[in-house]
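Here is a short tour to read alongside the viewer. Please keep the model open as you go.

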Amino acid sequence: MKALKRQFMRPVMLGAALILGSGQALAADDSQWESGEQIYAKVCGHCHEAGVGPTIKGRSLPPSYITAIVRHGFRAMPAFRASFIDDQALQSVAEYISTSPAPQNEE
Amino acid sequence: MSQQTNAVLPQGVTASDFAAAVNKFRALLGEENVLIKGDQLTPYTKIMMPRDVAENTPSAAVTATTVEQVQGVVKICNEYKIPVWTISTGNNFGYGSAAPGQRGQVILDLKKMNKIINIDPDLCTALVEPGVTYQQLYDYLEENNIPLMLSFSAPSAIAGPVGNTMDRGVGYTPYGEHFLMQCGMEMVMANGDVYRTGMGGVEGDNAWQVFKWGYGPTLDGMFTQANYGICTKMGFWLMPKPPVSKPFEIRFENDTDIAEIVEFIRPLRIAQVIPNAVVIAGLLWEAATCNTRRAEYTSEPGATPEHILKQIQKDKKLGAWNLYACLYGTQEQVEVNWNIVQGALKQLGKGTLITEKEAGGTEPFDYRAKLMTGVPNLQEFGLYNWRGGGGSMWFAPVSQARGSECDKQYALAKDILNKHGLDYVGEFIVGWRDMHHVIDVLYDRTNDEERARAEACFNELLDEFEKRGYAVYRVNTQFQDRVAQSYGTTKRRVEHAIKRALDPNNILAPGKSGIDLENDF
């Protein structure tokens with residue numbers, strides 16, 4: 001591994017914002033995500049703010065509905081596994097979407 | 001400890017052996033990284049192919065985070081003869097998504113192996129793990145102010161370089177032939193050995209990411225679209241971000257223009273005047289990616305009538321063919337090449353040039369410009385809204401970059417699609433001398449009748465193209481054995497001989513590209 005030890009090492013594991021109280025269950029410190037807002041910007045928003053997927057902010061969608069759609073997919077929307085977005089991160093983005101106002105250019 | 005599984009077993013594995021293997025997976029990986037319940041596995045079964053989900057349902061999914069864990073998984077699979085289907089980001093849409101190729105296979109999900117191990121800004125190389133996404137790489141380059149440019153496929157934000165390159169996917173920059181830019185793989189072999197290609201086996205080496213060939217046989221290509229090993233690290237080259245990028249479009253009015261367009265573009269592409277993987281997108285590809293839905297124009301089932309296609313072309317100000325290319329370099333270099341392009345177009349005598357200025361931030365120009373300059377987005381998923389219903393299969397025959405060939409393939413594909421009540425939604429991606437003729441066979445997967453039509457259509461496309469000497473470069477897992485047939489028996493015998501030598505227990509992704517020791521080769 002000597003060849004790998006260069007100046008730009010291990011930029012992942014950025015944020016450990018989602019810390020669990022105990023060490024069991026989900027390994028939140030493994031999460032690659034910082035916040036619900038970040039997940040929305042880096043994943044959901046690419047479609048849901050671009051007219052590809054429907055607008056989901058500003059509709060007070062229940063977080064449980066959002067998490068179910070994310071895990072199952074729906075028609076053209078892909079399903080996202082726990083390895084891609086862990087349960088806690090998913091909950092945080094679902095709450096972010098549920099409580100955010102509609103994008104400004106939307107009615 | 002819950003034993004409530006989704007009641008699917010790997011082929012030929014008893015329930016008791018499977019339970020024993022699951023216990024060993026848990027001991028190796030931890031309870032939370034061994035998924036066997038139906039609801040945990042649901043996201044792995046969202047497919048876009050027409051066949052029943054049941055045919056692609058896994059028995060379990062396990063997630064590994066280290067090379068040692070991958071070795072451990074392989075060891076357990078060998079012990080119990082359990083087939084394991086490896087995925088990286090799991091977003092191979094239209095080619096099988098995250099689902100295993102065969103029912104009952106255990107998924108080895110490497111999404112959590114997501115380290116960007118090294119970016120070398122001097123040599124412009126990267127070394128990454130399988131779970132790294134292009135968005136993650138892009139953010140890293142931006143945050144660290146590293147002037148390098150990515151090349152990626154359209155699902156860039158959520159897909160990644162290892163999976164895309166291992167499946168020989170392509171992108172839209174001068175580095176768009178991704179396997180060509182790959183440099184150094186680390187493979188966990190079926191016997192648990194860790195094999196590094198190229199210079200990677202040399203103690204103390206630091207040239208793994210800069211020299212591909214190493215010494216003796218160069219085996220990297222053998223591992224792509226294959227099931228001879230599990231890639232746990234991959235190196236690749238990155239293009240220095242040029243001081244100037246000039247994306248542009250040339251819009252052509254008639255679908256009969258395709259032959260002339262190809263003849264116009266080929267010399268510019270081969271001579272590298274235009275250095276990137278040029279795209280020639282058909283009307284409906286363009287319409288869908290600027291968020292046009294078929295339902296806005298008609299509720300009639302079947303192929304969309306020509307008069308509606310013309311109306312869409314007019315309403316949305318699109319070409320029947322829309323060529324996208326980009327020039328890169330200093331201002332002076334770009335100007336020289338721009339003049340050459342303009343001169344060639346003048347000689348052609350048709351086509352309207354559009355630059356960023358004329359496009360004014362509108363789609364689909366905007367997302368095309370982003371794809372050609374390495375900015376992640378998901379705008380192309382608009383394709384899935386054209387008909388809606390989540391059905392998509394890529395039919396991607398290879399063609400010479402020759403006008404007459406492209407014309408012939410286009411006409412044949414459109415006839416077959418329309419006959420089955422589906423639309424031609426396609427583009428040509430121009431390699432150096434080849435075309436990836438990429439057609440999205442879009443259908444409503446929630447409609448059983450349409451699903452059956454799409455399946456019949458895909459079979460006919462494969463058959464009729466094969467009769468004329470054409471074959472696809474990649475296909476979804478439903479048709480992987482069928483496509484292997486197109487390439488001939490000798491190739492299959494060689495591939496199966498390698499499989500027997502490297503993976504005698506047939507544990508690594510049996511069925512991938514038609515390679516499965518259950519076959520009679």
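How many residues of chain A are in contact with chain B?

## Where the chains meet

The answer is 32 residues of chain A, touching 43 residues of chain B; two residues are in contact if their C-beta atoms, placed from the backbone, lie within 7 Å. This is a predicted model, in which local features need pLDDT of at least 70 and side-chain atom pairs count only at pLDDT 80 or more, while totals for chains, interfaces and linings use all residues. Residues are numbered from 1 along each chain as its sequence is written, and chains are lettered from A and ligands numbered from 1 in the order in which they are written.

On the chain A side, the elements that give two or more residues are α1 (36-48) and α2 (63-72) of chain A. Helices (H or I, at least four residues) and strands (E, at least two) are DSSP runs, numbered from the N terminus. The most comes from α1(A), with four residues. By class, this side of chain A has 18 nonpolar, six polar and eight charged residues. Here Ala, Val, Leu, Ile, Met, Phe, Trp, Tyr, Cys and Pro count as nonpolar, Asp, Glu, Lys and Arg as charged, and the others, Gly among them, as polar.

## A helix pair in chain B

Now turn to α13 (residues 403-419) and α14 (residues 448-467) of chain B, which pack at an angle of about 150° with their axes 9 Å apart. Axes are lines fitted to C-alpha atoms, for helices over the stretch in contact, and angles run from 0 to 180 degrees between N-to-C directions. The two helices, α13(B) and α14(B), are therefore roughly antiparallel, the term for angles over 145 degrees.

From α13(B), B:L412, B:A413, B:I416 and B:L417 meet B:C457, B:E460, B:L461, B:E464 and B:F465 of α14(B). That contact has seven nonpolar, no polar and two charged residues.

## Strands in chain B

An open sheet in chain B has four strands in the order β1-β2-β4-β3, with mixed pairing; two strands pair if DSSP finds at least two bridges between them. At its edges are β1 (34-35) and β3 (84-87) of chain B, each pairing on one side only. β3(B) pairs with β4 (residues 106-109) of chain B in the parallel sense over four bridges, and B:T86 has B:L108 in β4(B) as its bridge partner.

Elsewhere, β5 (residues 116-120) and β6 (residues 125-128) of chain B pair in the antiparallel sense over four bridges. Within that pairing, B:N118 is the bridge partner of B:L127 in β6(B).

Technical notes: Angles under 35 degrees count as roughly parallel, over 145 as roughly antiparallel, 65 to 115 as roughly perpendicular and the rest as oblique.
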